[in-house]
Amino acid sequence: VEVVESGGGSVQAGGSLRLSCAASGSAIGFNTMAWYRQAPEKQRELVAAISMGAGTANYSDSVKGRFTIYRDSSRKKMSLQMDSLKPEDTATYYCLAKIGGGLAVWNYWGRGTQVTVSS
């Protein structure tokens with residue numbers, strides 16, 4: 001399975017970016033896909049996640065109301081619309097694709113895409 005992020009870049013505070021994630025190599029769709037981010041010298045943190053079946057989304061408090069996560073009907077792609085960006089949103093953003101359930105869960109990570117927000 002390969003997970004590839006795209007759409008990162010540099011933007012001024014208040015601007016917008018849209019990140020995309022595509023997972024390939026699986027015959028079936030994924031159960032959950034999520035965005036994490038990691039700033040220099042900080043731990044990786046969950047930004048947003050979505051159930052690929054039900055479409056239920058959840059967000060970290062720091063991005064709630066500014067970011068929106070979308071899923072594709074293929075259950076292998078999703079995107080993150082980021083509005084009203086702040087300098088503290090600067091980080092490398094990683095896509096996670098999860099498949100399976102219970103004790104049998106497989107996690108697949110992308111290599112990340114850089115988002116830089118200047119003040």
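Predicted model: local features only at pLDDT ≥ 70, side-chain atom pairs only at ≥ 80, totals over all residues.

User: In what order do the four strands of the open sheet come, and is the pairing parallel or antiparallel?

Analyst: Residues are numbered from 1 along each chain as its sequence is written, and side-chain values use heavy atoms, with hydrogens and water left out. In general, strands are DSSP runs of E with at least two residues, numbered from the N terminus, and two strands pair if DSSP finds at least two bridges between them. Here the order is β1-β3-β8-β7, with antiparallel pairing.

User: Which are the edge strands?

Analyst: They are β1 (2-6) and β7 (67-71), each of which pairs on one side only. From one strand to the next, the twist averages 15° (axes are lines fitted to C-alpha atoms, and angles run from 0 to 180 degrees between N-to-C directions).

User: How many bridges join β7 and β8?

Analyst: Five bridges, in the antiparallel sense, pair β7 with β8 (residues 77-82). To find your place there, look for Arg71, which stands opposite Met78 in β8.

User: Now the charges. How many salt bridges does a search of the whole structure find?

Analyst: The general idea is a side-chain nitrogen of Lys or Arg within 4 Å of a carboxyl oxygen of Asp or Glu. By that rule, the whole structure has four salt bridges.

User: Which residues are linked in a network of salt bridges?

Analyst: The network links Arg37, Glu45, Arg66 and Asp89. Within it, Arg37 meets Glu45 at 2.7 Å, N to O, and Arg37 also forms a salt bridge with Asp89, whose closest N and O atoms are 2.9 Å apart.

User: Is Arg37 buried or exposed?

Analyst: Here buried means under 20% relative accessible area, exposed over 50%, and partly exposed in between (1.4 Å probe, protein chains only). Arg37 is buried at 6% and Asp89 is buried at 1%, while Glu45 is partly exposed at 34%.

User: What about the salt bridge of Lys64 and Asp61: what is its N to O distance?

Analyst: Their side chains meet at 3.2 Å, N to O. Lys64 is partly exposed, with 48% relative accessible area, and Asp61 counts as exposed at 68%.
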